[in-house]
Amino acid sequence: MLATLALGWAVGRGSTPIDNWFSNATFPLIGEQPRWLLVFTSGWLVLAVTMACLVVALSRRQWVLAAAVLACPFAVTAITMGLKHLFDRRNGPYLEYPSGHTALLVAVLGMMVVVAGSKPARGWALTAATLVSLLGMLGLVACGYHYVTDTVGAAVLATALVCGTARLTSAL
């Protein structure tokens, strides 16, 4: 959380040299508006992963974990909305920092890693979560919806919240 706050204050209200460099390096590689990458931040994907995690937790009778699977995405969304108003960073008329789509995606995929359980399954889940998160972040930046620093701040925030949630659920 502190890292997200620090990054928010560091980037300010506009594009940074890192944002400009990333955009300039990305467009020649994947083109402008690669809308196919937005599938990775789709609400349907987020809903499907959340439901799958919920089914697994409930089938194992892990009631606290099942509640956390539902609570964590809502919490990260609420915190993200508050931070957007705090930082008032815009890309056109929209509040940008931190990226709500990225925060939600990373939170849901992070909970998938927590629910995975055993060490081998958790490794596969972590690999899939990392890949899908990075592709989702790339899609949001490449399509011009966010600066790269918006997505990094959101990923850091969501990761911190998932780690706290995992710690809390293992303690209960």
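Author: What follows is a walk along helix α4 and the parts beside it. The model is a predicted one, and the account below should be read with that in mind.

Two packed helices are described by the angle between their axes and the distance between the axes. For helix α4, which covers residues 63-87, and helix α5, which covers residues 100-116, the angle is about 160° and the axes are 9 Å apart. Because angles over 145 degrees count as roughly antiparallel, α4 is described as roughly antiparallel to α5. The crossing of α4 past α5 is right-handed. On the side of α4, the contact is made by L65, A68, V69, C72, P73, V76, T77, T80 and K84, while α5 contributes G100, A103, L104, A107, V108, M111, V114 and V115.

T80 sits in helix α4 and is buried, its relative accessible area being 1%. When neighbours within four places in sequence are left aside, T80 is in contact with P98, S99, G100, A103 and L157.

The structure holds 2 aromatic pairs, and one of them joins F87 and Y97 in an edge-to-face arrangement, with 5.3 Å from centre to centre and 85° between the planes. Since F87 lies in helix α4 and Y97 in the loop between β2 (94-95) and α5, the pair ties together parts that are 10 residues apart in sequence. F87 is buried at 6% relative accessibility, and Y97 is likewise buried, with a relative accessible area of 0%.

The loops on either side of α4 remain to be described. Most residues other than glycine have a negative phi, and most peptide bonds are trans. In the loop between α3 (43-59) and α4, R61 has a positive phi of about 60° although it is not a glycine, and R61 is exposed, with a relative accessible area of 64%. In the loop between α4 and β1 (90-91), D88 also has a positive phi, near 50°, without being a glycine, and D88 counts as partly exposed at 23% relative accessibility.

Conventions: Residues are numbered from 1 along each chain as its sequence is written. This is a predicted model: local features need pLDDT of at least 70, side-chain atom pairs count only at pLDDT 80 or more; totals for chains, interfaces and linings use all residues. Side-chain values use heavy atoms; hydrogens and water are left out. Axes are lines fitted to C-alpha atoms, for helices over the stretch in contact, and angles run from 0 to 180 degrees between N-to-C directions. Helices (H or I, at least four residues) and strands (E, at least two) are DSSP runs, numbered from the N terminus. Angles under 35 degrees count as roughly parallel, over 145 as roughly antiparallel, 65 to 115 as roughly perpendicular and the rest as oblique. A crossing is left-handed if the near helix is turned anticlockwise from the far one by less than a right angle, and right-handed if clockwise. Contact means heavy atoms within 4.5 Å. Rings of Phe, Tyr and Trp (its six-membered ring) pair if their centres lie within 6.5 Å; planes under 30 degrees apart count as stacked, over 60 as edge-to-face and the rest as tilted. Buried means under 20% relative accessible area, exposed over 50%, partly exposed in between (1.4 Å probe, protein chains only).
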